[in-house]
Amino acid sequence: MSAVPAAPDVLAPDVEVVPLPDVAERLGVPVTRIHQLIRDGHLLAVRREGVLVVPSSFLTDTAIVKGLGGTITLLRDNGYTEDEILRWLFTADDTLPGTPIDALRGDRGREVKRRAQAMGF
């Protein structure tokens, strides 16, 4: 089995993160399923202090935030690297308002995906 990819930790130190075993418990799946979700690009993980973690804002109480995987895929298809995707998701945008990840967590997923798609042109 291949190693779990980890993006560079470009997140602000105050961004709350969750270790992969805790993500698995929260979602009710084996940790190997979380590894596969990361490999498949539905989640992004970073290594913080030697531990693979996922930003907690990528998760609801029991699921991955709706639209996150599609947004990651759109950005990857447009040539963005994992660290660029993370920066974009967590950078405030006054026109949203808030950050793209906040908008995905709300009811503005369509707008986030539209912007992600437009960034490739």
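Ser57 is buried, with a relative accessible area of 16%, a value that falls under the 20% limit for burial. In this predicted model, Ser57 sits in the loop between E3 and H3. Apart from neighbours within four places in sequence, Ser57 is in contact with Val65, Phe90, Ile101 and Arg105.

The structure holds 1 aromatic pair. The ring centres of Phe58 and Phe90 are 5.8 Å apart and their planes meet at 35°, so the pair is tilted. Phe58 belongs to the loop between strand E3 (51-55) and helix H3 (68-77), while Phe90 belongs to the loop between helix H4 (82-89) and helix H5 (100-105), so the pair ties together parts that are 32 residues apart in sequence. Phe58 is buried, at a relative accessible area of 0%, whereas Phe90 is partly exposed, at 22%.

The wider fold comes next. The protein has 6 helices and 3 strands. Along the sequence these elements follow the pattern β-α-α-β-β-α-α-α-α. For 121 residues, a compact globule would have a radius of gyration near 14 Å, and the protein has 14 Å, which agrees. The C-alpha trace spans about 35 × 30 × 25 Å along its principal axes. Of the 121 residues, 40% are buried. Among contacts with a separation of 6 or more, 65% come from residues 24 or more positions apart.

Helix H4 shows how several elements meet. The buried residues of H4 are Asp83, Ile85, Leu86, Trp88 and Leu89. These buried residues pack against strand E2 (46-48), H3, H5 and helix H6 (109-118).

Helix H6 can be followed through Val112, which lies in that helix. Val112 is buried, with a relative accessible area of 1%. Leaving out neighbours within four places in sequence, the contacts of Val112 are Thr71, Trp88, Pro100, Ala103 and Leu104. Trp88 is also listed among the buried residues of H4. Val112 and Ile101 are 11 residues apart in sequence, and their C-alpha atoms are 8.4 Å apart.

Helix H3 holds Gly70. Gly70 counts as partly exposed, at 32% relative accessibility. Between Gly70 and Ala116 there are 46 residues of separation in sequence and 9.7 Å in space, C-alpha to C-alpha.

Strand E3 gives another sequence and space comparison through Val51, which is placed in that strand. Val51 and Leu68 are 17 residues apart in sequence and 22 Å apart in space, C-alpha to C-alpha. Val51 is partly exposed, with 39% relative accessibility. Beyond neighbours within four places in sequence, Val51 is in contact with Pro19 and Val46.

Two details of the backbone remain. Glu49 is found in the loop between E2 and E3. The phi angle of Glu49 is near 55°, a positive value in a residue other than glycine. Glu49 is exposed, with a relative accessible area of 80%. The second detail is a peptide bond: the one from Leu96 to Pro97 is cis, with omega near -20°. Pro97 lies in the loop between H4 and H5, and Phe90 of the aromatic pair is placed in the loop between helix H4 (82-89) and helix H5 (100-105).

Conventions
Residues are numbered from 1 along each chain as its sequence is written. This is a predicted model: local features need pLDDT of at least 70, side-chain atom pairs count only at pLDDT 80 or more; totals for chains, interfaces and linings use all residues. Side-chain values use heavy atoms; hydrogens and water are left out. Rings of Phe, Tyr and Trp (its six-membered ring) pair if their centres lie within 6.5 Å; planes under 30 degrees apart count as stacked, over 60 as edge-to-face and the rest as tilted. Helices (H or I, at least four residues) and strands (E, at least two) are DSSP runs, numbered from the N terminus. Buried means under 20% relative accessible area, exposed over 50%, partly exposed in between (1.4 Å probe, protein chains only). The radius of gyration is taken over C-alpha atoms; the globule rule is 2.2 Å times the number of residues to the power 0.38. Contact means heavy atoms within 4.5 Å.
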